[in-house]
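Please prepare a briefing on the structure shown below, covering its pocket, its sheets and the contacts of selected residues.

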Amino acid sequence: HNIHTRMEDKITDSSTEQLGRQRIILRRRRIRRLAVALITFALAFRNITQLKIDPPTRRTWEAIIHNSSCQTEPGNELIFTTNSSVFPHPPEFTSISTLFPRFNYSQPKFACWYACPMHHPHFVQELFRCFSLWEIQPSHHPRVLYVPKRQFWRKIGNLAIFDKQFPISSGILRTLMNSYNVTVTNSWNDGTPLRVQEMMEKDGTVSPFAMVSREHAVKWRDLFVPPEEEPTSRRAKKRLKIAVVNRPVARKLLNAMDARDNIAAAFPEHDVFEHHLNGTLQEMIDFFPMVDVLVSPHGSQLTGIMFMQRCSAVLEMFPHLYYTPTYFSSLARMFQLLHANWYVSHAAVPTGFLDLKTRLANTNNNMCPSMEKLVSAVDELIQKRQDCIDSI
């Protein structure tokens with residue numbers, strides 16, 4: 001019995017020793033595998049961090065572009081209107097005597113005579129000129145907007161009605177009244193009321209949106225929006241905001257959502273979104289200063305570009321037989337923006353101006369721009385924006 005017990009003990013000790021060796025071997029194998037895995041992961045992580053991922057280039061866009069929801073039109077080549085060598089235009093700024101032909105520095109006091117159709121862009125055109133008139137007069141003189149015509153006074157003279165019918169124009173007027181001490185009246189006997197120079201779009205000597213100087217334009221902008229970001233921070237900005245703004249009716253983009261999706265696919269490093277303006281001044285003030293690249297059809301919503309920061313880029317699209325190339329481009333030049341016209345039509349770009357009758361007959365024409373060409377245009381605007389900021 002004792003011999004048998006001692007043999008069992010030896011067997012047990014031997015089994016325990018063997019089991020211990022196996023555990024040590026297994027533990028060493030696990031450590032080796034973990035070490036190999038860690039080394040492999042470290043090498044892979046180093047390669048990933050050193051890898052430079054470029055945004056899609058034009059050569060790869062064809063693989064990115066999705067089919068559009070409408071029959072696309074390649075249209076014509078982009079025309080960069082801020083380049084005077086390829087797009088002749090009237091002077092950026094205009095003398096006060098040209099804007100107000102009856103102006104005379106010897107006049108003791110004068111009022112700006114409002115005589116313009118109640119359409120928001122034309123309203124802004126008129127007030128731009130009035131603003132320069134108020135700026136050149138002595139600061140202690142009253143700033144007066146004289147509205148003698150009854151059809152205009154019924155609206156401008158009653159801000160409750162003006163708010164309801166023309167909320168953006170009303171917001172601008174209220175700001176001038178509250179922050180710039182403008183008085184609005186239909187009766188003026190304390191000086192000379194001055195009417196502005198006619199602002200027809202086909203005028204080759206005065207820009208549609210006109211002021212006397214850059215200083216006046218900057219002071220106007222500062223009444224509505226905070227000062228722009230410092231150039232240093234804008235140069236360092238890597239993630240841009242690219243906005244596609246559409247119109248609800250007439251001259252709208254039929255594939256606005258496709259435009260947003262394709263631009264977003266081509267430029268994943270930027271924030272791309274579609275936006276519908278609700279028609280208030282506050283929304284314009286909140287929206288336009290933050291946009292770096294704007295894509296929009298021609299329309300009154302583009303008056304908001306006066307709130308964008310210097311060197312921001314605007315792509316303005318025109319449908320077939322509706323083309324006013326110097327209109328909003330003059331506003332872009334005044335506020336030192338980059339601006340390009342794109343005539344989205346199978347026909348050639350009209351030479352000169354399309355007459356008002358032709359434009360009115362085609363004002364409801366819509367657009368379905370080529371996605372590949374749109375993405376290419378946005379890419380070019382992004383590059384030009386950066387070059388512009390680098391030059392400040």
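Within the lining of the second largest pocket, the largest share, three residues, is supplied by α7. This is a predicted model, in which local features need pLDDT of at least 70 and side-chain atom pairs count only at pLDDT 80 or more, while totals for chains, interfaces and linings use all residues. Residues are numbered from 1 along each chain as its sequence is written, and side-chain values use heavy atoms, with hydrogens and water left out. Helices (H or I, at least four residues) and strands (E, at least two) are DSSP runs numbered from the N terminus.

**Second largest pocket**

- A pocket is, on a 1 Å grid over the protein atoms alone, an open set of points where a 1.4 Å probe fits, with protein on both sides within 12 Å along at least five of seven lines, and lining residues have an atom within 4 Å of a point.
- The volume of the second largest pocket is about 410 Å³, a volume being the space filled by probe spheres set on the points.
- Its lining consists of 20 residues, and those nearest the centre are Ile168, Leu277, Gly279, Ser300 and Gln301.
- At least two lining residues come from each of α7 (167-179) and α11 (281-287).
- By class, the lining holds eight nonpolar, ten polar and two charged residues, where Ala, Val, Leu, Ile, Met, Phe, Trp, Tyr, Cys and Pro count as nonpolar, Asp, Glu, Lys and Arg as charged, and the others, Gly among them, as polar.

**Six-stranded sheet**

- An open sheet of six strands runs in the order β1-β10-β9-β8-β6-β7 with mixed pairing, two strands being paired if DSSP finds at least two bridges between them.
- The edges are held by β1 (79-80) and β7, each of which has a single partner strand, so one side of each is left without a neighbour in the sheet.
- Strand β6 (residues 241-245) is mostly covered, as four of its five residues are buried, that is, under 20% relative accessible area with a 1.4 Å probe and protein chains only.
- Five bridges pair β6 with strand β7 (residues 271-275) in the parallel sense, and the chain passes from β6 to β7 through helix α10 (residues 256-266) in a right-handed β-α-β crossover, meaning that, with the strands pointing away from the viewer, the path from the first strand over the helix to the second runs clockwise.
- Val244 stands opposite Glu274 in β7, and in β8 (residues 293-297), which runs parallel to β6 and is joined to it by three bridges, the bridge partner of Val244 is Val295.
- Strands β9 (residues 313-318) and β10 (residues 338-343) run parallel and are joined by six bridges, with Met317 partnered by Trp342 in β10.

**Four-stranded sheet**

- A second open sheet has four strands in the order β4-β3-β2-β5, with parallel pairing, and its edge strands, β4 (182-185) and β5 (192-195), each pair on one side only.
- Strand β2 (residues 110-113) runs parallel to β5 and is joined to it by four bridges, Phe110 having Thr192 as its bridge partner and Ala111 standing opposite Pro193.
- Two bridges pair β2 with β3 in the parallel sense, Cys112 being partnered by Leu145 in β3, and β2, helix α4 (residues 120-136) and β3 make a right-handed β-α-β unit.

**Val147**

- Val147 lies in the loop between β3 (143-146) and α5 (150-156) and is buried, with a relative accessible area of 0%.
- Val147 and Asn186 are 39 residues apart in sequence, yet their C-alpha atoms are 4.7 Å apart in space.

Key. Buried means under 20% relative accessible area, exposed over 50%, partly exposed in between (1.4 Å probe, protein chains only).
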